[in-house]
Amino acid sequence: MTIADLHIGSSATIVSVDPGLHAMRLNEMGLVSGETVTVTKKALWGDPIEVKVMNYQLCLRKDEASAIKVTIK
Amino acid sequence: MKTRAPQLLKRDDFRRPANRKTIAVVGNPNTGKSTLFNSLSGARQRIANYPGVTVDQKVGRLELAEGFECDLVDLPGSYSLKAISPDEQVAADAIMGRIASARRPDLLLLTVDATNLQRNLFLFSQLSEVGLPVVVALTMVDVLADSGISLNLEGLQKELGVPTIGFDARDRASVENLRKLLARQLQGSGSARLPKPPANIYPPGVKKSVEDIIKNTATPLTRFEAASLLFYQNNILEQVLKPDEVNAIDEIRKKWQKKASASYEQINNNRYKWARTVVSKVEKRSGVSQTLVNKIDAILTHKVLGLGIFIGVMYLVFQAIYTWATPLMDGIEWVFGYLSESAGSALVDMPTLASLISDGIIGGVGSVVVFLPQIIILFAFIALLEASGYLSRASFLMDGLLSWTGLNGRSFIPMLSSFACAIPGVMAARVMPDARARLTTILISPLMSCSARLPVYLLLISTFVEPVFGVFWAGFTLFAMHGLGLVVALPLAWLLNKRILRTPSLPFVLEMPPYRLPRMQNLWYRVFEAARKFTVRAGTIIFALSIVIWFLSYFPRDASVEQQVRAQNQQVTSAVELENKITAAYLEQSYLGRMGKFLQPVFAPLGYDWKITVGIVGAFPAREVIIATLGIIYNVGSDVDEESGALKEKMQAATHEDGRPVYSPLVALSLMIFFALCAQCMSTIATVQRELKSTRWAAFLFFYMTGLAYVFALVFYQAGLALGFS
C-alpha cells in the first residue's frame, strides 16, 4: 500500500520510500520511515495529493506518492 | 620614514574591507527568512550576482554595534544542503565556501520555523557539520500559542548547543536582541560557538570512512562534504581535490555501494530520528483545531470550487492591471508626449536632431516606461498572493491541468501574467526551482496574448471583420486570438520538456505554508526591486535599439525626395496632406522602407504587400508600432490610434497596382495570427536574455516565435485561398 492508495482523511505510517529519482528529496522533506502521514486533500483527478507530515502540509504528485509504502495502524 | 597621511574612506557602501565579517542567513523556504533579512538590514541592501551563477543574491549591511558593521547575505531558501535546484546549490556552495568569487561566511544565521521544528532541524543537523558557528533565530514565535504549541526555548538551546533566540520582526526589542547576540558572537576572536554535531547520525563504519576522507585530503573538507562524497560524486568538490584523492574516494564509494549496508537514506533517517528526540524533549502540542482557517482552506482548495475562485481571483488581478494601470499609463504617455513635443519645438532648426530625440529616444524609451505601472501592480499582486500562502494552493489546483506538458503548477502564474505583459510574466518565472522547467516556462510565456497585441487586433477586426461578419464574429475573433497563444503554448511546452530539453520529471514536492498576513516591508522591497531592474536594465537596451530603428526609418534623407513630392503634387493645397505625402515618400525610400520592399516576396505568400511588410519589420521592436507605421504609410500622419477613422478608410480603400484590394478578411486574419504568435517585442527579448543570462535562448525565442507566426499565417492564408476565399 502506498500514500496514493489512501483516502482523504486517513492516516498511515511510512514503511519505506522506494529508491528512485526523487527518493532523496521526499526523504529530506520528512517522508522517512516511521513517520505518520495523513492525506488531507486531493486535487481534480486525484493528482496532486496534499498530506500532513511532521505537523506541516506537503503537496506531492501521485507518482511520488506511490513510491512511498505505508501501513495503516 | 614615511608618515601615513590620514585617508578619507571611500563612501562606496558595498566595497568590503578585508576584515569585515559576513553573516549568511540560511533556512528552509517559508520560514520568514526574507522578513528577518529585511528587518536587520533595512533599506541598506542590494541585489548582487555571483559570476557564472544564475541566482540573484541579496546583500545587506548590518550595524551590529557602534562602528562595527558586517555584511548580511540572504541565501536562497533550502530544505537540504544536498541541493536539487540551482537556488539550493548556490546556498550550499556559499555555506561551504566553494564559490570562487565569494568569501566563506563567518557565521550562519539559521531561521527555524518554531511551528515546524522537526523538519527545520533537519537542515540544522546538516549545518552542524560544516564547521561554522551557527545562531538559530526561531521565527513564527508569535503564532505558537494560537497553534497550541508550547516550546521550551532554554531546553532547545541546550539541545542544539548554539545560541537560540526567538525572533518577531514586529517587536523592536526582539530585533535588537538578535543584533546584540550577533555582535557578541562576532566580536572578539573565538567566542562564537561551533555547534556540536548530533551523535549517531553516521553508522560506525561510515563514520570511519568519513574521517579517513577528511584526513587524506589536502583541501580541508567539512564533515558534511566528506559524507556526501562517500555516496555521491560532486563535480564542484572534484575540482578542488587532487586527482589521486578523487580516485581514492571513488574506491571507498564503490566499497560502500557494494556493501549496501549503509545508505544516504539511512543517514537522513538518523537526522530525523535525532530531530524527533529533540522535539519530544522541548515541544508540547495541545490539539488546537483551527476550524475557521481549515474551512476557508477547504473552500479555496476545493477541486471544483477552488478552481472557480482561482479564475475569479486572476480575473480581478487582470481587471486591476487594466483599470488601475490605465490612468498611470495615460499619465506617462502624456509626459512623454509633452517631452517629445517640447524637444521637437525647441530643436525646430535641427530637424534631424529633433526627430532623433523626440521620435527615436523619447518615443522609444517612453514606449517601454509606459509598461511600468502594469509591472508594479502585477508584482504587488504576485508578492501578496505568494506571501499569503495562496499561490501554493493555486499551484496545487493547477498542477493537474499542466502536468501532461511537463510543466507544473508553478508555471501557471508566469503564463497568466503574460496575458497582461510577457515582461512581468517572464520575471515571475523566478519562483520556479528547476532551471529547465523555468526555461520552458520563460520560452512559452511570450506566446500568451499580451495587452500590446490588443490595439492591433482591434484595428484589424473593426476594419475588416466586423463590417463583413458582424459583431458576434468580431468578438469571437478577439477571443480566438487570445486563445491561440495558449493553445499553441501547451503542446510546445510538451515538445520542449519531453523531447528537446528532456526536463527531468522533477518532484513536485511543494510545501503548503500556513496562511499568513503578508508584511508590507517585504512586498515593498520586492515591487521596488522589480520596478528598478525593469527600468534600468531593459531601459538601456531599449534606448540603444530605439535609436537604431529611428535611424533606419529616417535615413537616407535626400532633400530631392521632398522636392520631387512637391513637384508631383502641386495641385494639392492641403498642407497636412502634402506633409503626409512627404513623410510617406521619405519612409518608402528609407532603409526600413527598402527593407520592406526587399522582404516583401517573403511575406507575399502570407498575403501581405510591401507596406504591411514595412509595418511588420518596424513592429519587431514593439508590436503596436505597426499602427503608427501604417499611419505614416497611408498618409494619415503618424499620430493615429486604433480608433482612427482615416486609417481604417484608407486601409479599406488600399489596392494593389492591378486594382485588387490589399486587405480582405483573410489577409486581416492572417496578419492577426502573425501578430498573435510573433516575437515582436524587444523588451521581452531583452528581459528573457537578462533573466536566463543567455543570448542563445533569447535568440531561440525570437526565431521560434517568428517562425511559428510565419508558418501559421502561411498555412491559414493558403488554406483560405484554396477554399475559395480571397
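Predicted model: local features only at pLDDT ≥ 70, side-chain atom pairs only at ≥ 80, totals over all residues.
Residues are numbered from 1 along each chain as its sequence is written, and chains are lettered from A in the order in which they are written. Local features need pLDDT of at least 70 and side-chain atom pairs count only at pLDDT 80 or more, with side-chain values using heavy atoms and leaving out hydrogens and water.

Strand S5(B) spans residues 107–113 (strands being DSSP runs of E of at least two residues, and helices runs of H or I of at least four, numbered from the N terminus). S5(B) pairs (at least two DSSP bridges) in the parallel sense with strand S1 (residues 21–27) over five bridges, B:Ala24 being the bridge partner of B:Leu108. Six bridges join S5(B) to the parallel strand S6 (residues 134–139).

B:Gln589 is placed in helix H23 (residues 575–589) and, at 17% relative accessibility, counts as buried. Beyond neighbours within four places in sequence, B:Gln589 is in contact (heavy atoms within 4.5 Å) with B:Pro556, B:Val561 and B:Arg594. The side chain of B:Gln589 reaches the backbone oxygen of B:Pro556 at 2.8 Å, while the backbone oxygen of B:Tyr586 lies 3.0 Å from a polar atom of that side chain.

How values were computed:
Buried < 20%, exposed > 50% of the residue type's maximum accessible area, 1.4 Å probe, protein only. Polar contact = N/O pair within 3.5 Å; in protein donor to acceptor, adjacent residues only side chain to side chain.
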